Amino acid sequence: MRITELLDKKSISLDAAPKTKQECLDMAVELMAAAGKIKDKEAYRKLVYAREEESTTGVGEGIAIPHGKGNCVDKPGLAAMIIKDGVEYEALDDEPVNILFLIAAPDTKDNVHLDVLSKLSMMLMDEDFRNDLINAKSADEFLEIIDKADEERKSVDESLADTSIADGDPGDGPRVVAVTSCPTGIAHTYMAAEGLEKAAKKAGIKIKIETRGSSGAKNMLTDEDIAAADCVIVTADAKVPMERFKGKKVIQRKVADGINKADEIMGIVKSGTAAVYAGGGAEEESGSASSEKGGAGHKVYTWLMSGVSHMLPFVIGGGILVAIAFLIDTLAGYGATGGGDFGSITPLAALLKYIGGLAMGLMVPVLAGYIAYAIADRPGLAVGFVGGMLASSGNAALSGYTFAGGTLVDGKALGGFSEFLSKFAFQQPDGGNTVSGFLGGIAAGFLAGFLVLWLQKICAKLPQAMDGLKPTLIYPLVGIFLEGVIMCFVLNPLIGLANTGLSNMLTAISDAGMLTVLGLILGAMMAIDMGGPINKAAYVFGTGMLTTAAGYLEQGMSSTDPKVVACYVAMASIMVGGMVPPVGIALACWIFPKKFTKAERGSAVSNVVMGASFITEGAIPFAAADPLHVIPCTMVGAGVAGFLAALFKCTLMAPHGGLFVFATVGNPLMYIVAWLVGSAVTCLMLGFIKKNVE
């Protein structure tokens, strides 16, 4: 089959001028429909957009190859667009797209058209071919250019078969085997193969490439090929059998890097710095465990993002349910009078807040658990979850046990090791808070992952007969014990000491009457760890100030007395500071979209809802994914908001609720100004400081 057999003149546009990516895709779908290749245009459009949601089909070099495969396609076809002025397409190289080929593939067993489409993908890697297509004056000339190149170029199988490395003199230069694969297996797989082949030829490297596309694995690597190779390259976003590469130097990258960063990969091959693949574990399961640079920094980022991506649904689902609970109590008329029970006064609100609170309570354990899972595979999951629970719950309160008074139930005095445990593994009745929050959860996840890796290493020498006991007994038992000891005796107590110091500092500033300084610090504290110990220290201080204000009023003081006003100003600064991070981040997602992943941009609306409801935790996934850039921005924005709220003498008499308790806010107009200014500061700082995501 020839490529031009799939391409009708009616489906070619040489002067397209779409303004946006969506408009570009819609125009391409219309061209495909004009050729009569699809039975249901809207169903096909949904397939194309669904594929685009997975990852951009803008592969770089000005090329985009969107595609849809399903029963709505009557017969395989192509639509082509030349966009001479280019269109912003969110391409992998951030460059505009000038050439677009839309693929329509029927969901049938007959996949003869896939070889043709794969060949076209490889042809598009030729710069001269692309220039000829862009400069074509008519549809006939466009088809003629494609037909001529199709005639001159070998088939995919023939082209790949020419790259054998098993024969030849080892002194001729480095020899490499490679595997390329993508989830759809129509375009990216073969473009990566073409990119690697060209880069290898340029670098003087012999290479053999196995492609794993929709039509199956082709040009399979033999044992002789792998044995002869100096290095293995895997550019894949889909599962690849990896155990065969055990003991070889392996470079693992995402499939797009085979297209856009092939020269960089060949540089790593020639440097000889690729890591030796040990086999087994999470890498074998995923097939592309290290989909990018493979350095220590990127591995840490990948592990962190594993926890963040699994945590995100708990934050969004739980946070919005809690916000709805506040809304229900507000509609019932309790927004100004609910006090500490606001959000759970009416039965429906209480139910939603309970469910949402449980969901949000799981976010730190899930974060820690899946960080550990990314590091140590399944054995790390239980250890990480327990570490996350300890981070979110803190050490147990000593006062809740019978030995709180220093004696056992039968009157025997504690001594020795028991006394040591009671003093250091538990929170004392008058001690500081030991909840380490999401920062502690991150530490717990990494600790759990490396503990399990260490256990796997020391257990490797055990008899083979004990292999079944390792994941079911040794790893969870020893791992959970060690994780718990380190959390209870090291991380959580250290956080407790820090909280005690913070509380004393805030009290001293308040007593000195430095309201604007207090507002600045309280606002910033709300945005450092978003629901963690620093955030909670500020919040507990604020609720304590409300209690103090109530005591002053009972003593006969006026609500306008400076001491009473200072208490309410502190609470106002705290709440406005907590409302800034989610809203500031949401604004940045809309104004600076390249700074965030597609999943992060998709949560922008829910972050506005949570920010307006004083649910700071909506910002946690962003802070956890990029703490060094995000936390300073949220901290400064929240600090500015807290400072302005104190400067404007804004007051607040309710401990929670965000917009829903604005009826209790004094000087509400300036309070909104403080909130919006702080959010804008966070947004702009993110735009300047945060790096573009890959």
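**Entry 1: ground rules.** I am working with a predicted model, in which local features need pLDDT of at least 70, side-chain atom pairs count only at pLDDT 80 or more, and totals for chains, interfaces and linings use all residues. Residues are numbered from 1 along each chain as its sequence is written, and side-chain values use heavy atoms, with hydrogens and water left out.

Entry 2: I started with strand S5, residues 77–87. Helices (H or I, at least four residues) and strands (E, at least two) are DSSP runs, numbered from the N terminus. Is S5 largely enclosed or open? I found that 9 of its 11 residues are buried, so S5 is largely enclosed by the rest of the structure. Buried means under 20% relative accessible area, exposed means over 50%, and partly exposed lies in between (1.4 Å probe, protein chains only).

Next I looked up the partners of S5, where two strands pair if DSSP finds at least two bridges between them. Strand S1 (residues 7–13) runs parallel to S5 over 3 bridges, and Ser-13 has Met-81 in S5 as its bridge partner. With strand S6 (residues 97–106), S5 pairs in the antiparallel sense over 7 bridges. In that pairing I noted Val-87 opposite Val-97 and Ile-82 opposite Ile-99.

S6 is mostly covered too, with 9 of its 10 residues buried.

**Entry 3: salt bridges.** I wrote down a reminder that side chains of opposite charge can pair when their charged atoms come close. A salt bridge here is a side-chain nitrogen of Lys or Arg within 4 Å of a carboxyl oxygen of Asp or Glu. How many are there by this rule? The count is 16 salt bridges.

I picked out Glu-30 and Lys-41, which meet at 3.1 Å, N to O. Glu-30 lies in helix H1 (residues 21–34) and Lys-41 in helix H2 (residues 41–54), so this pair ties together parts that are 11 residues apart in sequence. Both belong to a network of salt bridges that links Asp-26, Glu-30, Lys-41, Glu-42 and Arg-45.

My next pair was Lys-202 and Asp-263, whose closest N and O atoms are 3.6 Å apart. Lys-202 is in helix H7 (residues 188–203) and Asp-263 in helix H10 (residues 262–271), so the parts they tie together are 61 residues apart in sequence. Lys-202 is exposed at 68% relative accessibility, while Asp-263 is partly exposed at 46%.

I also checked Arg-212 and Glu-210, with closest N and O atoms 2.7 Å apart. Buried or exposed, what is Glu-210? Glu-210 is buried at 0% relative accessibility, whereas Arg-212 is partly exposed at 22%.

**Entry 4: a nonpolar patch.** Patches are made of residues with over 30% relative accessible area and no salt bridge; like charges are joined within 9 Å, and nonpolar side chains (Val, Leu, Ile, Met, Phe, Trp, Tyr) within 5 Å. Leu-348, Leu-351, Tyr-354, Ile-355 and Leu-358 make a nonpolar patch of about 510 Å², an area from the Shrake-Rupley method with a 1.4 Å probe; for residues, only the protein chains shown count as cover. I located Tyr-354 in helix H13 (residues 347–361), and Tyr-354 is exposed at 54% relative accessible area.
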